[in-house]
Structures are given as structure tokens and as C-alpha cells.
Amino acid sequence: DSTAPGSPVSGASKHESKHRENLASEASKRRQGLENAEAQLSDAKDEIEKLKSKADAAVARKAVVEKDLRGHREKLLVLTGKSANDDKLIDALKAEIKKNFAA
């Protein structure tokens with residue numbers, strides 16, 4: 001292929017070469033963009049897993065706190081009942097003491 005430097009064939013060849021370079025550059029940019037998107041997706045999935053784990057732990061802690069609260073409420077009811085019984089007993093003892101001193 002002995003074409004002269006100014007011939008139309010060599011001009012087309014230069015144009016094709018430039019076009020291939022542009023295509024290769026765009027393909028490289030797309031690959032890099034895809035790799036970046038995949039990395040971001042992977043990071044996002046990792047973050048989701050961490051957040052799910054934190055949420056599960058919070059739900060478990062909430063369940064424990066609610067169970068403790070129920071237990072404390074039950075104990076409070078028992079103590080309130082005992083307090084009422086103690087008040088009745090104290091009133092009965094005071095009445096008996098009054099009765100004994102009055103007699």
C-alpha cells in the first residue's frame with residue numbers, strides 16, 4: 001500500500017484511527033464507571049447489612065426492656081397490695097392498742 005500522504009485513503013485512515021481511539025476511550029470510561037457503580041453497590045449492600053444488624057439488636061434490646069418492665073410492674077402491684085395489707089394491719093393494731101389503753 002504505497003499511498004501518497006495527501007491522498008484521500010490516508011485521510012480516511014487517520015479519521016478511522018481517531019474514531020477508534022475515541023471509541024476505546026469511551027469504552028474505558030464506561031468500564032471505569034461500571035466498576036465505580038459496582039463498588040458503590042457493594043458498599044451500599046454492606047451498609048444495609050450493618051444497619052439490619054443494628055436494627056435487629058435494637059429490637060432484641062427493646063424486647064428485653066419490655067420484659068423487664070412487665071416484671072417490675074408485677075412487683076409494683078405485689079408491693080402495692082402488701083402496702084395496703086400492712087396499712088390494714090397497722091390500723092387494726094392501733095385500734096387494739098387504743099382498746100387496751102382505754103380499758
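Guide: Start with glutamate 26, which forms a salt bridge with lysine 29. The closest N and O atoms are 3.8 Å apart. That passes, because the cut-off for a salt bridge is a nitrogen within 4 Å of a carboxyl oxygen. The model is predicted, so side-chain atom pairs count only at pLDDT 80 or more. Glutamate 26 and lysine 29 are 3 residues apart in helix α1, so about one helical turn separates them. Glutamate 26 has 40% relative accessibility, so it counts as partly exposed. Lysine 29 has 54% relative accessibility and therefore counts as exposed. The cut-off for exposed is over 50%.

Next, the pair formed by arginine 20 and glutamate 16. This is also a salt bridge, with the closest N and O atoms 3.6 Å apart. Both residues lie in helix α1, which covers residues 8-102. They are 4 residues apart, about one turn of the helix. Arginine 20 counts as exposed because its relative accessibility is 56%. Glutamate 16, at 42% relative accessibility, counts as partly exposed.

Then comes glutamate 66, which forms a salt bridge with lysine 62. Here the closest N and O atoms are 3.3 Å apart. Glutamate 66 and lysine 62 are 4 residues apart in helix α1, so the separation is about one helical turn. Glutamate 66 has a relative accessible area of 35%, so it is partly exposed.

How many salt bridges does a search of the whole structure find? The count is 3. In general, side chains of opposite charge can pair when their charged atoms come close.

Other acidic residues belong to a surface patch. Asp43, Asp46, Glu47 and Glu49 form a negative surface patch. Residues of such a patch have no salt bridge, because that is a condition for joining one. Glutamate 49, one of the patch residues, is placed in helix α1.

Now the setting. The secondary structure of the protein comes to 1 helix and 0 strands. The protein has 103 residues, and 2% of them count as buried. Buried has a cut-off of under 20% relative accessible area, so glutamate 66, at 35%, does not count as buried. The accessible surface of the protein comes to about 9600 Å². Carbon and sulfur atoms account for 59% of that surface.

Key:
Residues are numbered from 1 along each chain as its sequence is written. This is a predicted model: local features need pLDDT of at least 70, side-chain atom pairs count only at pLDDT 80 or more; totals for chains, interfaces and linings use all residues. Side-chain values use heavy atoms; hydrogens and water are left out. A salt bridge is a side-chain nitrogen of Lys or Arg within 4 Å of a carboxyl oxygen of Asp or Glu. Helices (H or I, at least four residues) and strands (E, at least two) are DSSP runs, numbered from the N terminus. Buried means under 20% relative accessible area, exposed over 50%, partly exposed in between (1.4 Å probe, protein chains only). Patches are made of residues with over 30% relative accessible area and no salt bridge: like charges are joined within 9 Å, nonpolar side chains (Val, Leu, Ile, Met, Phe, Trp, Tyr) within 5 Å. Accessible areas come from the Shrake-Rupley method with a 1.4 Å probe; for residues, only the protein chains shown count as cover. Lys and Arg count as positive and Asp and Glu as negative; His and the chain ends are not counted. The place of a charge is taken as NZ of Lys, CZ of Arg, CG of Asp or CD of Glu.
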